[in-house]
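Here is a friendly walk through one model, written for someone who likes to see the cut-offs next to the values. Have the viewer open and follow along.

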Amino acid sequence: MRVDLHNHTYRCNHATGMPEEYILRAIDKKIDIFGFSCHAPMNYDPKFRMGYEEFKDYCIDIQRLQAKFSNQIEILLALEMDFLPNHLDLLYEDLLKAPLDYLIGSIHFLDDWGFDNPEFIGEYKKRDMLECWREYLASLKQMITTGLFQIVGHMDLLKVFNHQPPKILENQIQEVLEAIKKQNMALEINASGLRKPVKEQYPSERIIAMAFEQKVPITFGSDAHSVEHIGFGYEQVIEIAKNIGYKEAVFFRKKRMFFYDF
Ligand SMILES: [Zn+2]
Ligand SMILES: [Zn+2]
């Protein structure tokens with residue numbers, strides 16, 4: 001079975017194509033379960049996400065597609081939510097409680113710095129990467145511990161511009177994986193890194209192997225921001241997961257975890 005749980009829509013203002021085109025492409029790619037997980041509305045960096053008042057329409061759009069394509073593909077309705085340790089007020093109660101299939105928790109900011117945005121790449125010169133990684137991993141752990149999310153999105157995203165996590169932090173990475181396992185969450189294998197400067201899926205093979213040792217469940221996501229991205233890198237990441245020893249992955253319906261063979 002083929003599942004892709006991380007896909008955006010035009011509503012986040014930095015993705016293109018209509019949701020229906022995504023579904024047609026997913027069917028074409030023989031995807032059995034396709035999840036929309038657009039960036040959640042948030043009163044922070046609002047130009048890169050849907051407006052709060054749009055959330056209802058986002059749900060209606062996806063539900064309409066669920067009905068229309070119910071004989072061909074299962075469509076899940078989800079959100080990718082930002083976690084900012086200093087802005088917990090941005091974790092809106094009604095979105096957390098909305099009847100969604102799952103929430104992907106992601107960290108795209110270190111304090112106020114959107115570190116994966118090429119616009120702010122100059123900031124790397126001013127930063128100590130060891131400190132950045134420490135802070136990033138601490139935020140991840142805090143996010144996981146809230147128990148609000150089902151999936152950890154692109155776990156080592158901070159490497160996007162080729163700053164791999166320092167070896168010395170392996171214990172902290174191990175602790176993050178233990179926390180994922182303890183919270184009954186899943187670790188996302190996200191192919192989008194393959195089309196970014198780092199040219200490697202998130203997370204690295206090393207981290208996936210550590211996750212396998214701890215029996216951490218995995219999901220697959222192409223993190224599509226355009227129709228062409230759907231299914232991108234799938235064969236490559238599947239191969240990596242298989243070589244490490246994974247045979248099963250998971251998906252979520254109404255926040256319940258289901259296993260499948262990939
Ligand atoms: Zn995005
Ligand atoms: Zn993301």
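Predicted model: local features only at pLDDT ≥ 70, side-chain atom pairs only at ≥ 80, totals over all residues.

Residues are numbered from 1 along each chain as its sequence is written, chains are lettered from A and ligands numbered from 1 in the order in which they are written, and side-chain values use heavy atoms, with hydrogens and water left out.

Glu 80 (OE) and His 108 (NE2), together with His 154 (NE2), coordinate the zinc ion (ligand 2) at 2.1 to 2.2 Å. Donors here are N, O and S atoms within 2.8 Å of the metal (3.2 Å for Na, K and Ca); water is not among the atoms, so sites may look incomplete. Along the sequence, the donor residues of this zinc ion (ligand 2) follow the spacing E-x27-H-x45-H. Glu 80 belongs to strand β3 (residues 74-82) and His 108 to the loop between β4 (102-106) and β5 (109-110), so this pair ties together parts that are 28 residues apart in sequence. Helices (H or I, at least four residues) and strands (E, at least two) are DSSP runs, numbered from the N terminus.

Which residues hold the zinc ion (ligand 1)? His 14, His 39 and His 225 do, each through NE2, at 2.0 to 2.1 Å. Their spacing in sequence is H-x24-H-x185-H. His 14 is partly exposed, with a relative accessible area of 32%, whereas His 39 is buried at 6%. The zinc ion (ligand 1) and the zinc ion (ligand 2) are 5.5 Å apart.

**Aromatic rings**

A search of the whole structure turns up 15 aromatic pairs. Rings of Phe, Tyr and Trp (its six-membered ring) pair if their centres lie within 6.5 Å; planes under 30 degrees apart count as stacked, over 60 as edge-to-face and the rest as tilted. Two of these pairs are set out below.

| Pair | Centre to centre | Angle between planes | Class |
|---|---|---|---|
| Phe 55 and Tyr 58 | 6.4 Å | 35° | tilted |
| Trp 133 and Tyr 136 | 5.5 Å | 80° | edge-to-face |

Phe 55 and Tyr 58 are three residues apart in helix α2 (residues 55-68), so about one helical turn separates them. Phe 55 is buried with a relative accessible area of 14%, and Tyr 58 is buried at 1%. Trp 133 and Tyr 136 are likewise three residues apart, in helix α4 (residues 129-145), and so about one helical turn lies between them. Trp 133 is buried at 1% relative accessible area, and Tyr 136 is buried at 0%. Trp 133 and Tyr 136 also belong to one aromatic cluster with Trp 113, Phe 115, Tyr 124 and Phe 161.

Charges meet rings as well. Arg 2 lies over the face of Tyr 234, 3.9 Å from the ring centre, and the charged end of Arg 253 sits over the ring of Phe 258, 4.9 Å from its centre. The criterion is that NZ of Lys or CZ of Arg is within 6 Å of the ring centre and within 35 degrees of the ring normal.

**Cysteines**

How many disulfides does the structure hold? The number is zero, a disulfide being a pair of cysteine sulfur atoms within 2.5 Å. The sulfur of Cys 59 has its closest cysteine sulfur in Cys 38, 11 Å away, which is too far for a bond. Cys 59 is buried at 11% relative accessibility, and Cys 132 is buried at 3%.

**Backbone details**

A cis peptide bond joins Tyr 202 and Pro 203, with omega of about -10°. Pro 203 is placed in the loop between β8 (186-190) and α6 (205-213). Lys 199 is also found in the loop between β8 and α6; its phi is near 55°, a positive value in a residue other than glycine. Lys 199 is exposed, with a relative accessible area of 59%. Asn 184, in the loop between α5 (170-182) and β8, has a positive phi of about 55° although it is not a glycine. Asn 184 counts as exposed at 62% relative accessibility.

Definitions and conventions
Buried < 20%, exposed > 50% of the residue type's maximum accessible area, 1.4 Å probe, protein only.
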